[in-house]
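Open the model in your viewer and keep the selection tool at hand. This tour goes from stop to stop.

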Amino acid sequence: MKPNNSDRDITLLQGTWEQVAHEANGTACIPDEFTDAVTNFHGNEYSVTRPDGTVLVRGTIRLDATTIPRQAVLVREAGLDKGRIFPAIYSLSGDNLVLAAANDDRATRPTDFRTDIGQFLRRLRTKRFTAS
C-alpha cells in the first residue's frame, strides 16, 4: 500500500528540530523558555526539551496533508498546558517546519502563516548533528 502524504510528512518530521523564530498574537516574541529548547519527533509523539534535559512538554501530533494549508492537531500530554489541544496548520519543506496554532481548541485554527490574537507560530529548522 502506497503511503499517503500525511504518513510521508510524519516520516519527514522525525528527528530533532531547533526553534529559529516565534510569534504570538500578531507580534514577534522575545526569547522565552522554548528559545533554546529542541523539539524531538518520534512517530506521532513529540517532546520539547531544554539543553539541561528538562522536558517542557510532551504530546502527540496528528497530521492531515489532504488540506490546504495542511492541518495538524497537537495534544499536550505532559508539562506546560497538559491536557490542552492545539488546532494548527503546518508547512514542511526540506529542513524547515512552520507550525501556526491556536492557543487552545476553543480558538480559531489559523488559516495562514501569521498570527492573530489567540494564536502562536513557531518556525523550526532540522538540527543536523555532525561527527566531531
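**Before you start**

This is a predicted model: local features need pLDDT of at least 70, side-chain atom pairs count only at pLDDT 80 or more, and totals for chains, interfaces and linings use all residues. Residues are numbered from 1 along each chain as its sequence is written, and side-chain values use heavy atoms, with hydrogens and water left out.

**Stop 1: the core**

Select Leu13, Ile61, Tyr90 and Leu97. These have the most contacts inside the largest nonpolar core, which has 25 residues. Such a core is a set of buried Ala, Val, Leu, Ile, Met, Phe, Trp, Tyr and Cys residues joined through side-chain atoms within 4.5 Å. Buried means under 20% relative accessible area, exposed over 50%, and partly exposed in between (1.4 Å probe, protein chains only). Among the elements giving two or more residues to this core are helix 1 (5–13), strand 1 (15–24) and strand 5 (55–64). Helices (H or I, at least four residues) and strands (E, at least two) are DSSP runs, numbered from the N terminus.

Now centre on Leu97. Beyond its neighbours within four places in sequence, Leu97 is in contact with residues including Leu13, Trp17, Phe41 and Tyr90. Contact means heavy atoms within 4.5 Å.

**Stop 2: the largest pocket**

Which residues lie nearest the centre of the largest pocket? Select Phe34, Val48, Arg76, Phe120 and Arg122. The whole lining has 27 residues: 19 nonpolar, three polar and five charged. Here Ala, Val, Leu, Ile, Met, Phe, Trp, Tyr, Cys and Pro count as nonpolar, Asp, Glu, Lys and Arg as charged, and the others, Gly among them, as polar. The pocket's volume is about 380 Å³, taken as the space filled by probe spheres set on grid points joined across faces, edges and corners. A pocket is an open set of points on a 1 Å grid over the protein atoms alone, where a 1.4 Å probe fits, with protein on both sides within 12 Å along at least five of seven lines; lining residues have an atom within 4 Å of a point.

**Stop 3: the backbone**

Most residues other than glycine have a negative phi, and most peptide bonds are trans. Go to Ile68 and Pro69. A cis peptide bond joins them, with omega about -10°. Pro69 sits in the loop between strand 5 and strand 6.

Next, Asn25. Its phi is positive, near 55°, and Asn25 is in the loop between strand 1 and strand 2 (27–28). Asp81 also has a positive phi, about 65°. Find Asp81 in the loop between strand 6 and strand 7.

**Stop 4**

Select Asn40 in strand 3. Is Asn40 buried or partly exposed? Asn40 is partly exposed, at 25% relative accessible area. Its side chain makes a polar contact of 2.5 Å with that of Thr16. A polar contact is a pair of N or O atoms within 3.5 Å; within protein, one must be able to donate a hydrogen and the other to accept it, and residues adjacent in sequence count only if both atoms are side-chain atoms.

Move to Asp9 in helix 1. Asp9 is buried, at 0% relative accessibility. Among the residues it touches are Arg70 and Tyr90.

Finish at Gln119 in strand 9. Gln119 is buried, at 6%. Its side chain reaches the backbone nitrogen of Asp116 at 2.9 Å.
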